[in-house]
Amino acid sequence: MLCGGGIGLRSHREGRKLRIELIVAVVGVACYVAAALLALFSLLGSRPGGERASFGLMAVGGAALAGLLVLGGARCASISVFNRFDAMACYALALSGAYLLLTLFRYTRGIGGIIIPYAAIILLCGISALGKGAAATVPVQGPWLMAHVLTAYAAYGVFTLASICAAIYLMQDSSLKRKRCGVVWERLPSLETLDQLMSRLVGLAFLLFSVAIIAGFILVHASGGGDEWFTDPKVGASVATWILLAVLVHMRASVDRHGRGVALLTVTGLACLLFTFVGVHLIAGSVHAYLRVFGGLPGP
Amino acid sequence: MTAAVVGLSFRTAPIELREQAAFRADEAPVALQRIGAAFPGAELVLVSTCNRTELYLSGIDVDANKGRLVSLLLKTPAGVAPADAEPHFYVKRDLEAVEHLISVAASLDAMVVGETEILGQVKQALLLAEQTGTTGKVLHPLFQQAFKTAKRVHSETDICRGRVSVSSLAVEFAEKVFDNLGAKTVMLVGAGETAELALKSLMDRGARDVLVLNRSAERGQALADRCGGRAIQFDLLDDYLPRADIVISSTSAPHFVIHAAAVQRAVAIRRGRPMLLVDIAVPRDIDPAVGQIKDVYLYYIDDLHRIAVSNLAKRQTAVEQAWKIVREGVAEAAAMFEGPGLRLLLRKFDEHGREVCETALQRALAREKLAALPEPCREEIRALAQKIVGKMLAQPREAVKRAARNGELENYTRVVNDLFGFDTKAAGAVKMETGPAAPEPADGRKGSNT
């Protein structure tokens, strides 16, 4: 949304535009929060219902945030995800987009009660960086940057969705083992449905992540980057995540493994992904650190 | 309103008598036609389930004809004398009958509160009556109101939440583990009655591939033939276990029949695909260690009973709330039927008010002092007088509307006739309009306005 310099460098007109963008961003986040509350109520409340309304609110919030990111990108003629809020918004959008696409092909009752609150929390994590510019300009540009960033975020979103399905699988498995049939148990899908979703989503995430890594390598090569990229902790963490995804795909496609073990590994994969996305910047330096804003978080 | 119900249920009659009055789907049309022939022109709906047989009717003096109706409702009068059976039959009239119908449709009067099958059975009964041509302007809207209220009860309360029978719980767990029961293999170990019921429930939800293993090959084959499955030699249990997604066990063996090692092997072969095992045998057939194996879900009969009791308790807590909705439904039905009478009575109020107002105004304005008043002033006075009369009649009008909602319009109509001196003949017409024209019964006796 915000490129290069901070608010102080902007003209008065740009300042007014910024205020409008801020309002739209706040409205977008508010929609997500309201959708999350509705979805939670629909999952945990005494009466089901409200899932459709939460879905609609999330779509409205998503459209507002996507519009802002596109406008921001158009203004700086690049991709606008180098601010903590932008990065978090992009991640939340990728997740909600994957969820929306999933519901187009297969309506899965109840999982929105976990996915939408997760997306809302992600957005709230980035809200303190709202309206603040990125610390520095990106040293590499071009179409490969676009391909790298977009596919990486799409992979993040799809794999997070798979991991949430895995987490729900573990919850359902635990309820069935303990013979406790609560309201949440009733409203969430069957183990087999979740297993099938996990399997397909992990495959898609692996494909997208592979494209993102390849695009990243091409980008570095095209921009004449050196070894610092290949020894970068973020690149290492990404490769580790990719290997984990490859193991998961292998377990599904070649060995035909199912069940609790695979679900546990998928949830572990989310931890790995979050470390690649956020954690690596908190504990180590990275060439990707040009994205850091106010001690904040990076892009992919 | 002229609706009533005569019938018996598990609350009033033993099973031997209920059997005499139970009509199968193919018998019900014949029974309905027989009763219809005895009471031509009457509206009739026959609801017959394993727990009740009820005849909802309109246009019959149910008090005068109870004996006849009872004998018509008994399939084999030779088996039970109608006079002996009559005390077991109850009769409910008007709003009591409406409340009963709604409580039956909403499954509040069921043996297991909240079982939703009854709503379908009542719908089926109405459909049959429509096909036979024995419904009309009383019973049809009453049943529609009952369906509407029953749906409200089901959706707005917890009355139907959680299954309460072993077989339906087995299905519920199966549907929480598997996506499509049609693609799953069900293994039945032993041929117990409860296991067969559970299998039937699973097959109702789409399960098709059934393996039956029984120590007695003949019984196993017979059961396999009944359910369209395959009979397997009992000794091959461990070999067939990996193929089974759902195992229902109910042998009378005094020892475990399914051991942890066999299940562990099966799970390894299945590569983590889940297995659901339901053991409804006492003593148990499945080693408890099986429950510890990953991706295996084991339920004993006690687990299912515990969940059923807990679900039933939850349903009971919703009963009060459900009755509140039923009472609202009854009030709506009452208002629906009292509608024409109410409209007529309100029209009488308006006419009476206008008449009083106009008479008084004409007399007053004809006097010498007021005769010279210009027309705008006369209009002002007329408007004021109408307003005063309207305000005076507002409270009685509201009270009459309230009475109609509570099903007390008939009593209020009498009082209003007395108080305001409305034409009693016209008020009688009000009463006649509240229900359909009562047909003359076959015996020529005059139908009362029940």
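**Ground rules**

I count residues from 1 along each chain as its sequence is written, and chains are lettered from A and ligands numbered from 1 in the order in which they are written. Since I'm on a predicted model, local features need pLDDT of at least 70 and side-chain atom pairs count only at pLDDT 80 or more, while totals for chains, interfaces and linings use all residues.

**Entry 1: chain A overall**

I started with the secondary structure of chain A and got 10 helices and zero strands. Helices (H or I, at least four residues) and strands (E, at least two) are DSSP runs, numbered from the N terminus. Chain A has 300 residues, and 46% of them count as buried. For me, buried means 20 or more other C-beta atoms within 10 Å of the residue's own, exposed means 12 or fewer, and partly exposed is in between, with C-beta atoms placed from the backbone.

Next I looked up contacts, where two residues count if their C-beta atoms, placed from the backbone, lie within 7 Å. Of the contacts in chain A with a separation of 6 or more, 82% link residues 24 or more positions apart.

**Entry 2: helix H10 of chain A**

I found a kink of about 55° in H10(A), centred on Thr276(A). The bend at a residue is the angle between axes fitted to the seven residues ending there and the seven starting there. Thr276(A) is also on the list of buried residues of H10(A), which includes Val262(A), Gly269(A), Phe277(A) and His281(A). What covers those buried residues includes H5, H7 and helix H9 (233-253) of chain A.

**Entry 3: two partly exposed residues**

Why is Ser175(A) not counted as buried? It has 18 C-beta neighbours inside 10 Å, so it counts as partly exposed. I located Ser175(A) in helix H5 of chain A. Ser175(A) touches Arg180(A), Cys181(A), Gly182(A) and Trp185(A), leaving out residues up to four places away in sequence. Trp185(A) is 10 residues from Ser175(A) in sequence and 7.0 Å away in space, C-alpha to C-alpha.

Gln196(A), in helix H7 of chain A, is partly exposed because it has 17 other C-beta atoms within 10 Å. I checked Gln196(A) against Ala162(A): they are 34 residues apart in sequence and 9.9 Å apart in space, C-alpha to C-alpha.

**Entry 4: where A meets B**

I looked up the interface: 17 residues of chain A are in contact with 16 residues of chain B. On the chain A side, the elements giving two or more residues are helix H5 (143-178), helix H7 (191-222) and helix H10 (260-283). H7(A) gives the most, with four residues. By class, that side has four nonpolar, seven polar and six charged residues. Ala, Val, Leu, Ile, Met, Phe, Trp, Tyr, Cys and Pro count as nonpolar, Asp, Glu, Lys and Arg as charged, and the others, Gly among them, as polar.

**Entry 5: the cores**

A nonpolar core is a set of buried Ala, Val, Leu, Ile, Met, Phe, Trp, Tyr and Cys residues joined through C-beta atoms within 7 Å. The largest one here has 130 residues, and those with the most contacts inside it include Tyr32(A), Cys165(A) and Leu188(B). H5(A) supplies the largest share of this core, 16 residues. A second, separate core has 72 residues, among them Val62(B) and Val138(B).

I followed up Cys165(A): it touches Ile111(A), Leu194(A), Leu197(A), Met198(A) and Leu201(A), not counting residues up to four places away in sequence.

**Entry 6: sheets in chain B**

I traced an open sheet of six strands in chain B, in the order E7-E6-E5-E8-E9-E10, with parallel pairing. Two strands pair if DSSP finds at least two bridges between them. Strand E7 (230-232) and strand E10 (296-300) are the edges, each pairing on one side only. Five bridges join strand E9 (residues 275-279) of chain B to E10(B), and Leu276(B) stands opposite Tyr297(B) in E10(B).

The other sheet I noted is open too, with four strands of chain B in the order E2-E3-E1-E4 and antiparallel pairing. Its edge strands are E2 (43-48) and E4 (90-93) of chain B. Four bridges join strand E1 (residues 3-9) of chain B to E4(B), and in E4(B) the bridge partner of Ala4(B) is Arg93(B).
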